[in-house]
Amino acid sequence: MAGHGTPAVALLAKRKVDHRTHPYDVSPDEPNYGALVAAALAVAPERVFKTLVTEVDGALTVAVVPVTGDLDLKALAAAVGGKRATLAERAAAERATGYVRGGISPLGQRRRLPTVLDVSALAHPTVYVSAGRRGLQVELSPGDLVALTDARTARLAAV
């Protein structure tokens with residue numbers, strides 16, 4: 001099956017977590033990338049989540065939010081007990097996770113980072129996140145995503 005080479009998919013297989021991989025063909029440089037990925041997969045965009053590496057008070061932290069909205073940095077900082085959050089530098093995000101921009105997965109990261117999942121994920125039977133490379137998403141239950149990343153949940157999407 002496509003994608004077996006990524007650490008994210010390997011982690012799911014090792015833990016025997018029910019999942020499905022979904023390849024797609026969208027350039028990561030396209031505007032509104034997340035909506036295009038959802039359209040390519042023929043799924044509701046609120047079920048497709050992007051993984052953003054941030055810095056909260058200087059510590060790298062992962063935020064997983066729907067592609068339909070933006071990350072509320074103040075909400076993220078509050079969710080982890082911090083004061084200030086910013087998006088991490090691309091090089092720092094890639095170095096810490098072992099993935100490249102457009103393919104950063106919340107699963108199977110080189111260094112396990114604190115993770116916060118937008119609470120809206122819990123409203124869906126399954127959600128889609130990057131499988132660890134551009135052009136591949138993985139579908140799994142939000143409960144499994146929380147368990148595998150040791151994530152806390154909070155309202156993170158800016159309204």
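Strands here are DSSP runs of E with at least two residues, helices are runs of H or I with at least four, and both are numbered from the N terminus. Two strands count as paired if DSSP finds at least two bridges between them.

A word on ground rules: residues are numbered from 1 along each chain as its sequence is written, and side-chain values use heavy atoms, with hydrogens and water left out. As the model is predicted, local features need pLDDT of at least 70 and side-chain atom pairs count only at pLDDT 80 or more, while totals for chains, interfaces and linings use all residues.

Strand β3 (residues 59–66) is joined to β5 by three bridges, and the two run parallel. A63 has V116 as its bridge partner in β5, and V64 has L117. On the β8 side (residues 152–154), three bridges again join a parallel pair, and here L117 is partnered by T153. Within β5, T115 and L117 point one way and V116 and D118 the other, yet all are buried (buried means under 20% relative accessible area, exposed over 50%, partly exposed in between, with a 1.4 Å probe and protein chains only).

T54, in strand β2, is buried too, at a relative accessible area of 0%. Setting aside neighbours within four places in sequence, T54 is in contact with A59, L60, T61, L71, L76, T86, L87 and A88, contact meaning heavy atoms within 4.5 Å.

There is also an open sheet of three strands, in the order β1-β7-β6 and with antiparallel pairing. Its edge strands are β1 (20–23) and β6 (127–133), each of which pairs on one side only. Ignoring direction, neighbouring strands of this sheet are turned by 35 degrees against each other on average. Five bridges hold the antiparallel pair of β6 and β7 (residues 136–140), and V127 sits opposite L140 of β7. Helix α5 (residues 142–149) packs on this sheet, where it touches β6 and β7 and makes about 105 degrees with the direction of β7. Helix α1 (residues 7–14) lies across β1, β6 and β7, and runs at about 120 degrees to β6.

Of its 29 lining residues, K50, T51, L52, R101 and G102 are the closest to the centre. Elements that give two or more residues to this lining are α2 (33–41), β2 (49–56) and α4 (90–97), and β2 gives the most, with five. By class, the lining has 15 nonpolar, eight polar and six charged residues. The nonpolar class is Ala, Val, Leu, Ile, Met, Phe, Trp, Tyr, Cys and Pro, the charged class is Asp, Glu, Lys and Arg, and the others, Gly among them, are polar.

A pocket, on a 1 Å grid over the protein atoms alone, is an open set of points with protein on both sides within 12 Å along at least five of seven lines, and lining residues have an atom within 4 Å of a point. Grid points are joined across faces, edges and corners, and a volume is the space filled by probe spheres set on the points. The second largest pocket has a volume of about 150 Å³. Its lining consists of L11, R15, P106, L107, G108, Q109, R112, L113, T115, L148 and T149, which divide into five nonpolar, four polar and two charged residues.

Most residues other than glycine have a negative phi. K16, in the loop between α1 and β1, has a positive phi of about 60 degrees although it is not a glycine, and K16 is exposed at 75% relative accessible area. A42, in the loop between α2 and β2, likewise has a positive phi, near 60 degrees, and A42 is exposed at 69%.

Technical notes
On a 1 Å grid over the protein atoms alone, a cavity is a set of points where a 1.4 Å probe fits but cannot get out, and a pocket is an open set with protein on both sides within 12 Å along at least five of seven lines; lining residues have an atom within 4 Å of a point. Axes are lines fitted to C-alpha atoms, for helices over the stretch in contact, and angles run from 0 to 180 degrees between N-to-C directions.
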